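Subject: Structure handover

Hi,

Here is the structure you will be working with. Please open it first, then read my notes below.

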Amino acid sequence: MTRCHSSRVLGFGHCVPERRVGNAEIEARLGLEDGWIERRTGIRHRHWAGPGDTLSALAAEAGAAALADAGIAPDQVGLVLLATSTPDHLLPPSAPLLAHRLGLPKAGAVDLAGACSGFLYALTLADGFVRTREKAVLVVAANILSRRINPHERASAVVFADAAGALLLGPSRAEETGLLGVDLASDGSQYDLISIPAGGSNRPFAPEIAAQDFLMTMRDGRAVFSQAVRMMSDCAVKAMTQAGLTAADIDRFVPHQANARIFDAVSAELGLDAAKTVRSIEDYGNSSAATIVLSLSLANQAAPFRAGEKLLLSAAGAGMTGGAIVLGMG
């Protein structure tokens, strides 16, 4: 039997909570002038979870949509990877519950905590599994960040959102599909630029710890901006070089939707035509690891990817962790 040469994308899906929150609500609470958020971030609206929403339920809807889009039997899925910073519980992981809800009892399942670049790490691991086991992998990225926002901290309160996106990756015998170039990176010297100070093993839950220490904080927004642009650009150049491509060969640029100014700066740094950038930030905000796969699913709905298209994905976030992937569509 001829073994697979690579992987290929079989299907996409996404899900967002019903509640849609406009900038005016947040600007009024923080005492900001009308239009302040959109001018600085590119965001107009975002979706926030309601009281009955759970991370695993959002992830399951996105995953079910990707499976339906791919049209494959459940027994063909060998692994479920869930990239999230907001699992249902600290323990156990949410991925086994996700696999159970999707009717994939024979699939392995694990959570990955890679912050904003978590989807790229999960997709890279999925590609390796597909090539060695010749079984499909369901990659889901999902977050409910609205429950980790400090409503009084401007830097984080204006950008973060809730969403789930999913992609099914399967084996391929074509050589120009799947992951054509990959570069992953980290910079622990910037470890605390974005953090949740308490709740981990260093500062476990205790009554005397202030409630805001269990919420997200962004220590230095300017440093986050400059470090993210540098990491996303550097990783993108390396991934394209590995794939034997240049910016002119890229059909669509799908960046992490952290802030429109960040990915516009990356696009300019790479010499990419701005018209090639896939943007979902205006209506969906920043859902961390979920933004790239959410953008992919939305873009495929609006203008389906064609065989032979080359996509550039790039992200950077807390840790700092980052990376870039050149993805060939088949």
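**What I found**

Phe253 stands opposite Leu312 in strand E12. Strands here are DSSP runs of E with at least two residues, helices are runs of H or I with at least four residues, and both are numbered from the N terminus.

Before going on, some ground rules. This is a predicted model, where local features need pLDDT of at least 70, side-chain atom pairs count only at pLDDT 80 or more, and totals for chains, interfaces and linings use all residues. Residues are numbered from 1 along each chain as its sequence is written, and side-chain values use heavy atoms, leaving out hydrogens and water.

**The sheet**

Four strands form an open sheet in the order E8-E13-E12-E11, with mixed pairing. Two strands count as paired if DSSP finds at least two bridges between them. Strands of a sheet pair through backbone hydrogen bonds, either parallel or antiparallel. The edge strands are E8 (178-186) and E11 (252-255), and each pairs on one side only. Neighbouring strands of this sheet are turned by 10° against each other on average, direction ignored. For such angles, axes are lines fitted to C-alpha atoms, for helices over the stretch in contact, and the angles run from 0 to 180 degrees between N-to-C directions.

E11 and E12 (residues 310-317) run parallel and are joined by 4 bridges. Arg252 stands opposite Leu311 in E12. In a regular strand the side chains alternate between the two faces of the sheet. In E11, Arg252 and Val254 point one way, Phe253 and Pro255 point the other way, and all are buried. Buried means under 20% relative accessible area, exposed means over 50%, and partly exposed is in between (1.4 Å probe, protein chains only).

Helix H5 (residues 118-133) lies across E8, E12 and E13 (321-328), at about 135° to E8. Helix H7 (residues 221-243) lies across E8, E11, E12 and E13, at about 145° to E8.

**The cores**

A nonpolar core is a set of buried Ala, Val, Leu, Ile, Met, Phe, Trp, Tyr and Cys residues joined through side-chain atoms within 4.5 Å. The largest one has 45 residues, and Leu312 is among the members that touch the most others. H7 gives the most to this core, with 10 residues. A second, separate core has 36 residues, including Leu123 and Val254.

What does Leu312 touch, not counting residues up to four places away in sequence? Its contacts (heavy atoms within 4.5 Å) include Ala236, Met240, Phe253, Leu270 and Val326.

**The annotated site**

UniProt, in an unreviewed entry, places the feature "active site" at Cys116, His256 and Asn286. UniProt positions are given in the numbering used here, feature names are shortened, and annotations may be inferred rather than shown by experiment. The three residues span 171 residues in sequence, yet no two of their C-alpha atoms are more than 9.1 Å apart, so they gather at one spot.

Cys116 is in the loop between strand E5 (108-112) and H5. At 12% relative accessibility, Cys116 is buried. His256 is in the loop between E11 and helix H8. His256 is also buried, with a relative accessible area of 1%. Leaving aside neighbours within four places in sequence, His256 is in contact with residues including Cys116, Asn286 and Ser288.

Ser288 lies in the loop between helix H9 (281-284) and helix H10. Ser288 has a positive phi of about 60° although it is not a glycine. At 4% relative accessibility, Ser288 counts as buried.

H10 (residues 290-302) has 13 residues and reaches 18 Å from its first C-alpha to its last, close to the 18 Å expected at 1.5 Å a residue. The expected span is 1.5 Å times one less than the number of residues. H10 is mostly covered, with 11 of its 13 residues buried.

**Backbone points to look at**

- The peptide bond joining Leu91 and Pro92 is cis, with omega about 5°.
- The bond from Gly319 to Met320 is cis too, with omega near -15°. Met320 is in the loop between E12 and E13.
- Glu134 has a positive phi of about 55° although it is not a glycine.

Best wishes
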